[in-house]
Amino acid sequence: MFYRKLFLMLASFLLVFAFSFTAYAENVIKLGSAISFTGAKSRTGKLYVDSYKFAVNKVNEMGGVNVNGKNYKFELVFYDDKSEPTESARLVEKLITVDKVDFLLGPYSSGITIPNSIVARRYRIPMIEGGGASSKIFDKGNKYIFGTLPRAGDYFRSTLEFLTKQNPTPKKIAILYADDKFDVSVGEGAKAAAEEMGFDVVVYEKYSEGASDFTSAITKAKDAGAEATLVAGHTEEAINFVQQSKELDYSPNLLGLTVGPSEADFRKALGKDANYIYGVASWSTEMNFEGYLFEDTQTFVKKFTDKFGYDPDYHNAAGIAAIAVYKDAIERAGSLDPQKIRDAIAETSGLKTIYGPVDFMDNGQIIGSSVVLQILDGKVRQVYPASGYDAVYPMPEWDNR
Amino acid sequence: MKGTLIGFALIIIIGVLVPFTAGNFAIRLATDIVIFAILASSWNIIGGYTGYASFGNIVFFGVGAYATAVLMSKAGLGFYPALILSGLIAGLYGFAIGFPILRLKGHYFAIATLGLAEATKALVQNLGLTEGNSGMYLPMPEMGIDASYMFFYFNALGILLILLVIMYFILNTKLGYGFVAIREDEDAADSIGINTTIFKSISFGLSGLFTGMAGSVYAYQQGFIKPEPVFIVTKTVKMIVMAVFGGVGSLFGPVIGAVSIELIANYLSEHFLVIHTIFFGTIIILAVIFAPKGIMDIITARKKIGLSYFLENIRKNRV
Amino acid sequence: MLTQILINGILKGGLYALMAMGMSLIWGVMNIINIAHGSFIMLGAYTTYWFFTLYGMDPFVSVLLSMALIFFLGFFIQKYIINFVIGASLFITLLLAFGIEILINNLALLFWTADVRSVQVTYGGANIEILGAVIPTVRLFAFLLAIAVSVILFIIMNKTWLGRAIRSTAQDLEAARLNGVNVGKIYSITFGIGTAVAAAAGTLWAVIFPISPTMGGHLTLKSFVVTIIGGLGTMMGPLVGGLSLGIVESLGTNWFGSTFENLISFTILVLVLIFKPNGILGKKE
């Protein structure tokens, strides 16, 4: 009887020891994110999940984050927000109060980033996001949100510049935009830029976010004789738009989409129909920057493609940059205090990443620009500013492909 | 009378104690519960007492939320003025639209209210004033995190108490008798001189007033609102389920219903991450089949409660 | 362009008509408003998707299978769940239907995730041109199938003993029962037919638009509009209502912008209910 009790006591001691060992494990910095694993935004949401994981693994491989001499590993905590803004905000609050994460990573899409950033502000914990470009995220004086995507309003500027360089220059432009914060910003910016550059905006139409029926909008653009059509929307909408353009036999000289063309998923869903479609991006696989976590862009592209089986796009790169900024800021601050980290992030200056140099404006948004892409032969190529690939303009008719 | 006093006392005591015995996440849950209690009790005015089952009451929640957003962000009003004005706007909306809509009965009325909610949502989605579908910011409350949790909780609780007290008094006046008379036999009510048209509109307007105020609190709490979540049909269903579950046509029934359903739903979502919504749907189905008169009926019924009670309910309703 | 706008509206209207037919049948015969209607459309869409993705079946072929499957599902749901509250008050039945909707939608979310899916048939982007308007072939096929199903339903209801039994049950429950009609079974069969037709609409929807587990709610609301506009109690009602709504929406969105679609449909719903609740063809009650 006595030996049984002794054995039990020793066993429980060992168990307690074992647990305390795991508790003692390495020092850990928890990064939390509620993001679209499923739902309407999941095609792009998943890109961020891959990137966050890829970058965090690299940081930990490199030895982790050095905070005043102590080494910390990054740990990611995820929740699926099903692409719903209210749910996402609720999950962010959970990440902070229940999972006790140290810092936050953004969700995907401006419409979800806004409610998330409000929670971050309420709890005074910094959030770095790579998935929201609308200025509406940054113009409310929220000091706790930082974004690595450049201003939505500027997205189509380079496309319009590209058009001015074509001969003959098209005159009539159609601008279609979804009614969410991001696309409204893109649409407004595109219209202003187009008028500034002397184009005639013949169609300027809003469509419902998540809409699957573009018959009305396409009919209008066709009828107005638009030579170039710019569509601001997210990937799901973009795919539908292209499919229905084919159904209604609509093929302008240039069809430019904001989100979609850069993603492998878009090309897979549309197959051959994706060819000749134009897109915009804040980054392309053609670039080559010296990196912070990876040697340079090209090395990153190769390693990423090897690991995940698809070529990364600007969403992926923006996500990598977010993690890079955290490592840099935390090491500069030499502390884990949210306030100090927030200040350190704001002071990020010319941080060299595979995404490009990172500098934040006073309002927290990155200073950046966009390039024009075109899908040629099933691959995404940067066509403007010139990078060695010739654009095909005008796009061939549907039955000539 | 005595029962009512006990009811009020319980609500006040429990209501005041909760935030001081629980952490922030629990206060947040309690606030959600109180807001649902307001929604269910407001629905009860038009659906329970007056007998017009509105399936679009969420419209007032959305109107209240957006009115507050516009008044605070664009007109620079403070929260309390915005709260009261939003309630009045929602209430007036209900009162006015009540005239044409409350002429319909039964199914047609239910669908009309559904259509009203959707049409109002679509209107908000296309108005520049409400920034269309992209959403509106509200100003941030100037207080610390803990203080803000308390703020929203007590505001919601206060609105609920005011609602219940007002209803208690109304029920003992001609207005209240009128509501019930309309529910029991509208033609008879008409013939004994009750102006059913006005009474119905007042009922709908009151329902809208408090629902609108709940929407106002919600909007300020969220800090950023979009049309879909504040006009969502499933919230109307939830408030009706709560009223039915707790006991339609009784003062505290909907409150009990709100508390129980929300606690059950929260428990389920904590422990059954993936399938809690499925359980919820199942519970609705079972509750509706076996206990359509709600918990209050079980509490106040003098007859013996046993298996026969539930079977009796089924037998009565079968074809 | 007017031709194109009208044709767009007619094609969409045919689809709307088919969607509403099932709801109208159930409502007219059993006086039940099937709030879960959209969920059955969704199930039809998903069965089509899985038949296509797993077995390569063309949707226009598998539609019969989908309809049969959903018929049985609807039959059982009516017999073993809805039947228990048929005699109860209005909002009890509505609540039950909502409960069923929540259950079905969330089961779908659980098994198939919230991701959006689509059925990409090889003849997907093809189109033909008539009178200067471009007509996508897939939408044309869908329209024709919708008309076909409506005609078949019409024939069943008017020329078969089953149809006669259903109509007599709808007119006078007690009289039908006295005449030896097994009303319980008729109710279940009617519900099954209603959901099967909804499933057919789902099949067509899946071929034209992307689908997701939560697609049903909006379609239920649209079906209400069509049913009310067309008028209850008649087989032609949904057809008239659907085509009218399709055309009005097409013209309206062209004039005001595509974001006005819902504002147009639901304002029409409310106005029709207020001023002419029996709809265009509805019989006076």
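In chain A, 18 residues of domain 1 are in contact with 15 residues of domain 2, where contact means that the C-beta atoms, placed from the backbone, lie within 7 Å. Helices H2 (42-61), H4 (110-123) and H5 (135-138) of chain A each bring at least two residues to the domain 1 side; helices here are DSSP runs (H or I, at least four residues), numbered from the N terminus. The largest share, three residues, comes from H4(A). The model is a predicted one, so to speak of local features takes pLDDT of at least 70 and side-chain atom pairs count only at pLDDT 80 or more, while totals for chains, interfaces and linings use all residues. Residues are numbered from 1 along each chain as its sequence is written, with chains lettered from A in the order in which they are written.

The domain assignment, automatic or from a database, gives domain 1 as 25-150 + 287-358 and domain 2 as 154-281 + 371-400.

Over at chains B and C, 40 residues of chain C are in contact with 42 residues of chain B. H4(C) gives the most to the chain C side, with 14 residues.

Then there is the largest nonpolar core, with 326 residues. Such a core is a set of buried Ala, Val, Leu, Ile, Met, Phe, Trp, Tyr and Cys residues joined through C-beta atoms within 7 Å, buried meaning that 20 or more other C-beta atoms lie within 10 Å of a residue's own. C:Leu204 is among the residues with the most contacts inside this core. Leaving aside neighbours within four places in sequence, C:Leu204 is in contact with residues including C:Leu15, C:Leu18 and C:Ala142.

Note on methods: Two residues are in contact if their C-beta atoms, placed from the backbone, lie within 7 Å. A residue is buried if 20 or more other C-beta atoms lie within 10 Å of its own, exposed if 12 or fewer, and partly exposed in between; C-beta atoms are placed from the backbone.
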